[in-house]
Amino acid sequence: MSATFDTFPQAASVLGRQVDVLFLTLLGVTGIVAVGVAVAIVAFTIRYRHGSKADRRNPPSGVRWIEITWTATPLAVFLVIFIWSSLLFAQFHRPPPQAMPIHVVAKQWMWRLEHENGRREIDELHVPLGQPVELVMTSQDVIHSFFVPAFRVKQDVLPGRYTTLWFTATRAGRFDLFCAEYCGTQHSTMHGDIVVMRPAEFSRWLASGSAQPDLVARGFDLYRRVGCSGCHEPTSTVHAPDLSGLFGATVHLSDGSTVVADESYLRDSILLPNKRVVAGFDPVMPSFQGQLDEDDVIALIAFIKSKRGGP
Amino acid sequence: MAIPTVKALLSVWLGLLVLLGLTTASAYLDLGVGNGVANLVIAIIKVSLIALFYMHLRHATATVRLAAGAALLFLFFLAFLSFGDFLTRSRNSTPWRAPQTTSATGDTY
Amino acid sequence: MNAVPDSEIVPERVLHESSYLHEGFTLRSWLLTRDHKRIALLYLISITGFFFIGGAAATLIRLELMTPAGDVVDAETYNKLFTAHGVIMVWFFLIPSIPATLGNFLIPLMIGAREVAFPRLNLASWYIYTLGGIFVVATLIAGGVDTGWTFYTPFSTLFSNTNVVLAVIGVFVVGFSSILTGLNFIVTVHRLRTPGMTWFKLPLFVWAHYATSLILVLATPVLAMTLSLVVFERLTHIGIFDPALGGDPLLFQHLFWFYSHPAVYIMVLPAMGVASEIIPCFARKRVFGYRMMAYAIFGIAIIGFLVWGHHMFVSGQSLYASIAFSLLSFLVAIPSAIKVFNWTATLYKGSITLSAPMLYILGFVGLFTIGGLTGLFLAATALDVHLTDTYFVVAHFHYIMVGGTVMAYLGGLHFWWPKIVGRLYPETWARIAAVTIFIGFNLTFFPQYLLGAQGMPRRYHEYPARFQLLNEVSSSGAVILGIGYLLPLAYLPWAMLRGRRSSANPWGATGLEWQTPSPPPQENFATTLQVIRIPYDYHPATESAESQA
Amino acid sequence: MSVPAEHFATAEDQRQAAELGMWVFLTTELMFFAPLFLGYAYNRWAYASAFAEASRHTDVVIGTVNTAILLTSSLFMALAVRATQLGHRRPTQVFLLVTATLGAIFLGLKGLEYAHEWDEHLVPWLDFRFAPGNAHGAALFYYLYFGMTGLHATHLTIGIAMACVFAFRLRTQPAQHLRNQIETGALYWHFVDAIWVFLYPILYLVNRHG
């Protein structure tokens, strides 16, 4: 047993503190109900025990206004909690635009994390204090779940798709990272640490380490090497969509629908190109499934993101 | 219980075959979304004919009708709520939240 | 709801000899019986066996978790243990527990019928259950399965190297036994009620089982097909749940929880039915708000179908769907709350005796209340993000399924044991067992709420050392809980052979099942009953006065 | 009227119980198909163009003829029920046998169709070949196609066996003795037919004009 024993350790992220306020409020409300029911049961059981002289005349077998009251009151309380919780939950799904992106690839049974400048980590993630960080995550095999109890965040990491999670750490230090979705034999050993550092310290840390090409550079290299440039360069003779300014834009598809070109869309377009074809183009792009691993796809997406459009 | 006439049974059968012809023919016209809708509507009419006349739902007790309808209702629940997920998955933002301060390079979410 | 049978008081000895237990003593007379009462006993024996197999797995799990390191069993064995525990307890104990034993035995008796509508199907359902059980036992013998009871894809389809197919076939098969039981109950309640037994004279036990049956027939087939697709996908390496092919694992989760969330209500609604019989009887008072109770049962059954997505708030489900499911989950809590309040109100101005069944049921109400209230934390999206997949969830559903269902099941077994075997259980032992189980249960599972709130994930073979103290408390509690469960296993069979003879109606209860001798004759009732009284026609004031006189 | 089982007060009670029981069973049957329908809807939405193209590779002639055959078999089943209700033994027997024969023809044609699909490499887990761009979606389409039609064929086989057993029993028993069984069995038959009515457009007619 460790030295500290905390029934409810303090949250170390911006949203985590708001979660705790909601948690404690709901704990108070439900505690009152639980104690109320328990007291009523014990009191009735003693007062109306068989043979006691309590007044039992006119026992009620249903009183309309009481029943309405104890239906409507919980309903009202629940609605308040629901709205409060949903507003908070929506924030979990809306990372601030300036959030620092980090790519996460989970596999049995480790976490691989990659910073935008190409610095990679395994089972350990360094993040700056007080700055929003957004994780774009995918899995190479089964479903995992990225869980940092101190930040009150958790998000399943799925194969074949990106999910995102964001937080802003409010305390420096080391925090547990768990895999929370059962993922096979060594599930319980798939943990790591989140290291929250002061921004200056973090910048130094980020710049250090073995020099590697950053994601965009790696993506550009792949872009030419696997043959994307053969069709997607504006000078190409093949009729293929231009990638400049694509990221974040609204894309019109051949079936008449529209989609915002986010990471998931780009990922699908590389690996399953015929799933969603852009309007006005023939479905001629080959699938790159099997040729590219998750890291490659991440690098390509980083490159496409870097190709901002406009003058 | 009422025993149906041969004539009634035959008319239903003819109706079913006509509807089959309709659904097949409609498939060869380009109606856009209309193709799927037409197929589905005709299938529902056909199944209703079968249920009402061949399966005697027309004369059945309320309980039996309820049993026949229950599965459809719960099938609808299943489809409605799971598609509620599938169709809204790519939309990350919520309309009721105040927009975040956009960064210089544009709001991508 | 009392009836006026032709022969209320019949010499006890005479009837004893013509009871359903005396219609043949050969194995054949049991294995080929179509008597719903005997089939109930067949189920009772089978599910008790599985309860102790599942319990053995739980014992090993708690033993492993005594220390942070994985030192008792290796990781793979641990995973197989919690999978076996889940699969067996969910499908081979909890789902059939109250419906297939007490429900089978009592529903025809409570509505004044001689049999269930389809006696042969009823027997077939037990054989199908047994066949499913054989597959699961075969899975264990072949080395077990390590997917967790949820069989999440793509782990179950492409990555697990264990006996997934065998286990899934077992669950698939046992599903059909549930379906047949549900079908039988629905038709029985519709078509075999005795004259005068209108819907609003039905005991709430029957209401609860009717609603449960609806869930059984509507949800179970979805699970059966979903699991078939998992097997197919595993064998052919193609399918709609496989992301490598562009399939979607969330599709599996939607389908799985479309069954498995309502399955929670399959487990707990019958328990509510049992509570609604026992509380009025030992409070000598009409159940408070009978109609509201009946509506609440139906509300739970139907809204319970619309909340499955709250298992998927962090799964990658869309934000909008999550919020909708969250709202619906809060709504389903309302009828549950109504039921707790109504049971409590039933005690007011009653004349209360704390016999063993009542002790179990008061325990049920308390534990179900805690389980239900903590469910609100999980229905709240923002809190669920932190709490889901931790021990908080484990504690929550054990409060509902073990604290709720198993307590009520045991309470019901005690309450109707005199009816089932014709003899009384030993009251003192039964009270000791009830209190032991209540204490042991809370010691085992309350610490798990704290563990979950602190962030300990579930299904962990080893864990950080700071979680050890609470795990030790939990494991110690499990010892007390285990002893508590062994007590009835000893004294209930003993009572069957040596207990005091019971009269037809030892509790002075009002249900029709008490209007026939204990144990009942094969045909249940000598004559067709005519129901004229309201349900739960108890009179606390006069009864309490009589006892003082 | 046959003598009711002892726990039913009257034969009419028993008949109604059997009818309700069969309807409840059909409810479970429909829910059993539900994951296939949902899986189909999801993937048709996700892979619209692949599903359209894959559907064009099905044999629409056999599919349409088979639909007509099943609808006709339902007519004969309904006629058989009518004959039973009137107590006509021989006609019941004949109608049942015609129904079963039509069902068997359906299965035969279905088998022929499967053979074609095998030749064209459309069986997803055995040497599946398809135009590269849509291969993933088409494989899922054919996966669901074989799943749904296979499950339907299994149900139909049970239905055929049932009709034959009834026809056989009618050799020695009067029609009224078998009335409950034939009525409920017919419900099952019509249900299997109704499932096909939905399968036909979603498998064969997704995009015929393209």
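Domain bounds here come from an automatic or database domain assignment. For chain B that assignment gives domain 1, residues 1–55, and domain 2, residues 61–89. Taken over C-alpha atoms, the centres of domain 1 of chain B and domain 2 of chain B are separated by 22 Å.

Some housekeeping. This is a predicted model, where local features need pLDDT of at least 70 and side-chain atom pairs count only at pLDDT 80 or more, while totals for chains, interfaces and linings use all residues. Residues are numbered from 1 along each chain as its sequence is written, and chains are lettered from A and ligands numbered from 1 in the order in which they are written.

Staying with chain B, its secondary structure comes to 3 helices and 0 strands, in the pattern α-α-α along the sequence. Helices (H or I, at least four residues) and strands (E, at least two) are DSSP runs, numbered from the N terminus. Chain B has 109 residues, of which 30% count as buried. Buried is 20 or more other C-beta atoms within 10 Å of a residue's own, exposed is 12 or fewer, and partly exposed is in between, with C-beta atoms placed from the backbone.

Chain A is assigned domain 1 (14–48 + 64–92), domain 2 (100–207) and domain 3 (215–306). The C-alpha centres of domain 1 of chain A and domain 2 of chain A are 34 Å apart. Between them, 4 residues of domain 1 of chain A are in contact with 5 residues of domain 2 of chain A; contact is C-beta atoms, placed from the backbone, within 7 Å.

Now chain D. Helix α1 of chain D, residues 11–46, has 36 residues and should span 52 Å at 1.5 Å a residue, which agrees with the 52 Å between its end C-alpha atoms. The expected span is 1.5 Å times one less than the number of residues. α1(D) bends by about 35° at D:Ala34, with a proline, D:Pro35, following within four residues. The bend is the angle between axes fitted to the seven residues ending at a residue and the seven starting there. Is α1(D) enclosed or exposed? Of its 36 residues, 29 are buried, so α1(D) is largely enclosed by the rest of the structure.

On to the interfaces. The contact between chains C and A takes 78 residues from chain C and 75 residues from chain A. On the chain C side, the largest share, 14 residues, comes from helix α11 of chain C, residues 319–347. That side divides into 46 nonpolar, 24 polar and 8 charged residues. Ala, Val, Leu, Ile, Met, Phe, Trp, Tyr, Cys and Pro count as nonpolar, Asp, Glu, Lys and Arg as charged, and the others, Gly among them, as polar.

Chain C also puts 31 residues in contact with 27 residues of chain D. The largest share of that chain C side, 9 residues, comes from α8(C). By class, it has 20 nonpolar, 7 polar and 4 charged residues.

Last, the core. A nonpolar core is a set of buried Ala, Val, Leu, Ile, Met, Phe, Trp, Tyr and Cys residues joined through C-beta atoms within 7 Å. The largest has 380 residues, and those with the most contacts inside it are A:Val104, C:Ala275 and C:Ile297. Helix α9 of chain C, residues 249–283, gives the largest share of this core, 24 residues.

Methods: Contact = placed C-beta atoms within 7 Å.
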